[in-house]
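Colleague: I would like to go through this model feature by feature. Please give the general idea each time, then the case at hand.

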Amino acid sequence: ILIPIVFFDLYLNAFISTGFHGNQRPASEVTGDAVTGFLNAQKGFFRTYEASVGDLETGAPRWLPNSNMLFGYSSIGLYTPLAKQAYGEFLSGSGAVDDAMGIPVTSKAYVGGNLRRLGYLNVRYIVSRVSLEGIEGLEPIFSGDEGDKVYLNRFVMPRAFWVELPVSGHDPNVLSVYQEDMKPEAQGIRWLRYSGQALELETDTTRERLLFLS
């Protein structure tokens, strides 16, 4: 019974670029455009957040989470059933974490109320097809040919910085110690190497404190 059900399911999903074809997408959806060109031209460490505001017909960006890897910039978006539960909870409501059970969406209210939280994840740019004008801390800086708009997050934090928190009694994990009133400092941190498999940096501090790696 299961074998016919599986084949029938794969057949049906073949018409939406999955099923027997796998996760294929039309080339028009994965080729770079003005927005990806703009993001690729930016210097330094930063991440993006593709905000799917509203319904899928009008709110979702043209790129699913993970597709940023095709264009060479970092994003907080994940499309995987292996996403850590703590990461999903930390970004609950953002629509950035898709566990492969559907494409979640977010709201303008979430974006406006979580700019600092996104900033601590090194989110410098927010991309949205729906206007985010009027949100304090967001500055529109670029518009793409397909209607996508890029906003600068004024609350962006560096990829690594010091955090003044009591060392004892705290799990040094961003998801455990995150607080809105943390006062980060990036002095005395120099990156030596950053890759998908290794991070190497040189630090200099005069007192004991936590090193925050977003």
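**Reading the model**

Modeller: Of the chain's 214 residues, 36% count as buried; buried is under 20% relative accessible area, exposed is over 50%, and partly exposed lies in between (1.4 Å probe, protein chains only). This is a predicted model, in which local features need pLDDT of at least 70 and side-chain atom pairs count only at pLDDT 80 or more, while totals for chains, interfaces and linings use all residues. Residues are numbered from 1 along each chain as its sequence is written, and side-chain values use heavy atoms, with hydrogens and water left out.

Colleague: How many helices and strands are there in the chain?

Modeller: The chain has 6 helices and 11 strands. Both are DSSP runs numbered from the N terminus: helices are H or I with at least four residues, strands are E with at least two.

Colleague: In what order do the strands of the open sheet come?

Modeller: Strands of a sheet pair through backbone hydrogen bonds, either parallel or antiparallel. Here 5 strands form an open sheet in the order β2-β1-β5-β7-β6, with mixed pairing; two strands pair if DSSP finds at least two bridges between them. The edges are β2 (74-75) and β6 (138-143), each with a single partner strand, so one side of each has no neighbour in the sheet. Inside the sheet, β1 (residues 47-50) and β5 (residues 123-128) run parallel and are joined by 4 bridges. Glu 50 stands opposite Val 127 in β5.

Colleague: Which way do β9 and β10 pair, parallel or antiparallel?

Modeller: They are antiparallel, over 5 bridges. A hairpin connects β9 to β10 through 4 residues, and Tyr 194 faces Leu 199 in β10.

Colleague: How many salt bridges does the structure hold?

Modeller: Side chains of opposite charge can pair when their charged atoms come close. The cut-off for a salt bridge is a side-chain nitrogen of Lys or Arg within 4 Å of a carboxyl oxygen of Asp or Glu. The structure holds 5 of them. One of these joins Arg 190 and Glu 202 at 2.9 Å, N to O. That pair links distant parts of the chain, with Arg 190 in strand β9 and Glu 202 in strand β10, 12 residues apart. Arg 190 is partly exposed at 45% relative accessibility, and Glu 202 is partly exposed at 41%.

Glu 200 and Arg 193 form another salt bridge, at 3.5 Å, N to O. Glu 200 is partly exposed at 36%, as is Arg 193 at 45%.

Colleague: Why does the salt bridge between Glu 185 and Arg 209 tie together parts that are apart in sequence?

Modeller: Their side chains meet at 3.3 Å, N to O. Glu 185 is in the loop between α6 (174-177) and β9 (189-194), and Arg 209 is in the loop between β10 (199-203) and β11 (210-213), so the pair ties together parts 24 residues apart in sequence. Glu 185 is partly exposed at 31% relative accessibility, whereas Arg 209 is buried at 11%.

Colleague: Which residues form the nonpolar patch on the surface?

Modeller: Patches are made of residues with over 30% relative accessible area and no salt bridge; like charges are joined within 9 Å, nonpolar side chains (Val, Leu, Ile, Met, Phe, Trp, Tyr) within 5 Å. The nonpolar patch has about 1,000 Å² of accessible area together, and its members include Ile 3, Phe 7, Tyr 11, Phe 15 and Phe 20. Accessible areas come from the Shrake-Rupley method with a 1.4 Å probe; for residues, only the protein chains shown count as cover. Tyr 11 sits in helix α1 (residues 2-13) and is partly exposed at 45%.
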